[in-house]
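Me: I have a model open and would like to learn how to read its features. Could you take me through them one by one?

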Amino acid sequence: MSADNFAENASLRNVLNSIQCVRDRVRDGESNESDGAFNLCNFWDTLNQAVKAVSQEATKLSLAFSKPPLPSQQDAGKFSESILKSVLTLSTVYYWLPKSQGVSLRRQVRDATVEVLNGVAQLLEVILSSPLQSLTQDQLTSTGSVWSACDQFDQLPRDNKAAVLVVLSAQTGVVKDAIEEMEQSLSEPLDPFSDVLDDDQEGVEPRGNQDTYWSEKDRRVIGPCQGLMKAAAACLRKLTAAVKANGDVSTSQTRAQLDDLGDISKEISPGVDDLALCLYPPMDYSTVQTVASALAALLKKVLGIVRSSHVCGESQLTWVQFLDGAVDHNLQKARDLIEDR
């Protein structure tokens, strides 16, 4: 390797190390807490300009190292300086966004920013590890990854209400999938694992126990547990509609309430998944009762937070009360069936 190439690599390596440090600080650091004169529209305009600059500088860097002649030591230094400057500008603008604008919004902007920084770091790593004077598929892919990460900023929520709706949509999809999977399993033959285990295999004992079958009691217990799962889905759907209709981002207090709703909603899909998993044979009734009780308690907590938030008006109070009763009813029914000898 020539002295110039060694110097070029050293310049790129230093920039890579710096960008990795910036990425780690963005991922783990705190934002500016001063919200006195913060203008969200100006923030987005400036952030989008910063993202566009990173995309352009990454493209220039990739093209410069894609074919001979490679940049001189001086030019390599300029490219390194430019890409680092664009990254530092992006991270600085990100830090402008205070938590008081909404933690949900800040998380999603942070994750998108980290993805861009990861993409740039990966591109530098590929350039450093690629044979000199050759454009590799990895380099093309890495450049495309930077573009893709930058393009995602156009789809980011613009305020905390929109950010919480993104969270609720994701949770609704996961819960819906769990319910549909359970319904599909129940509609199949009595042995839900008949396509996995084969009784006819030589030397394998026929399955005469309930380890892979639902008993009639099992199926009765599943009914109210499905009711709890459906109550969870209904809660998410109704909450989404309430946030769309009444969600307010004009004050730090209402933005914080939206964050509370988004955070508690993220506990629903794991609770539904836990209940669905313990319903498969062999069913342990004690576990089912424990997990069902935990999901019911969570849903009542969610409904309580909804009830005390600004998104709950008179029309919302009706479904909050209805679902609260439905949760109690299904949990009690499951307990009665489990305890029925």
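This is a predicted model: local features need pLDDT of at least 70, side-chain atom pairs count only at pLDDT 80 or more; totals for chains, interfaces and linings use all residues.

Me: How many helices and strands does the chain have?

Reply: Helices (H or I, at least four residues) and strands (E, at least two) are DSSP runs, numbered from the N terminus. Here the chain has 11 helices and 0 strands. Of its 341 residues, 46% count as buried, where buried means under 20% relative accessible area, exposed over 50% and partly exposed in between, with a 1.4 Å probe and protein chains only.

Me: What span does helix H6 reach from its first C-alpha to its last?

Reply: The expected span is 1.5 Å times one less than the number of residues. H6 (residues 160-187) has 28 residues and reaches 41 Å, close to the expected 40 Å. H3, with 24 residues, reaches 35 Å, close to the expected 34 Å.

Me: Which residue caps the N-terminal end of H6?

Reply: Look for a polar contact: a pair of N or O atoms within 3.5 Å; within protein, one must be able to donate a hydrogen and the other to accept it, and residues adjacent in sequence count only if both atoms are side-chain atoms. The cap is Asp-159, which has a side-chain oxygen 3.2 Å from the backbone nitrogen of Lys-161. Ser-66 sits in the loop between helix H2 (40-64) and helix H3 (73-96).

Me: Is Ser-66 buried or exposed?

Reply: Ser-66 counts as buried because its relative accessible area is 12%. Ser-91, in helix H3, is also buried, at 6%. Leaving aside neighbours within four places in sequence, Ser-91 is in contact (heavy atoms within 4.5 Å) with Val-22 and Val-26.

Me: How many aromatic pairs are there?

Reply: Rings of Phe, Tyr and Trp (its six-membered ring) pair if their centres lie within 6.5 Å; planes under 30 degrees apart count as stacked, over 60 as edge-to-face and the rest as tilted. The count comes to 4 aromatic pairs. The rings of Phe-38 and Phe-43 have centres 5.9 Å apart and planes at 45°, so this pair is tilted. Ring pairs link Phe-38, Phe-43 and Trp-44 into a cluster.

Me: Which charged end sits over the ring of Trp-44?

Reply: A charge sits over a ring if NZ of Lys or CZ of Arg is within 6 Å of the ring centre and within 35 degrees of the ring normal. Here the charged end belongs to Arg-158, 4.1 Å from the centre of the Trp-44 ring.

Me: Which residues have the most contacts inside the largest nonpolar core?

Reply: A nonpolar core is a set of buried Ala, Val, Leu, Ile, Met, Phe, Trp, Tyr and Cys residues joined through side-chain atoms within 4.5 Å. The largest one has 54 residues, and those with the most contacts inside it are Ile-268, Leu-275, Leu-279 and Val-306. Its largest share, 14 residues, comes from H7. A second, separate core of 44 residues includes Leu-12, Ala-64, Ala-76 and Tyr-94.

Terms used: Residues are numbered from 1 along each chain as its sequence is written. Side-chain values use heavy atoms; hydrogens and water are left out.
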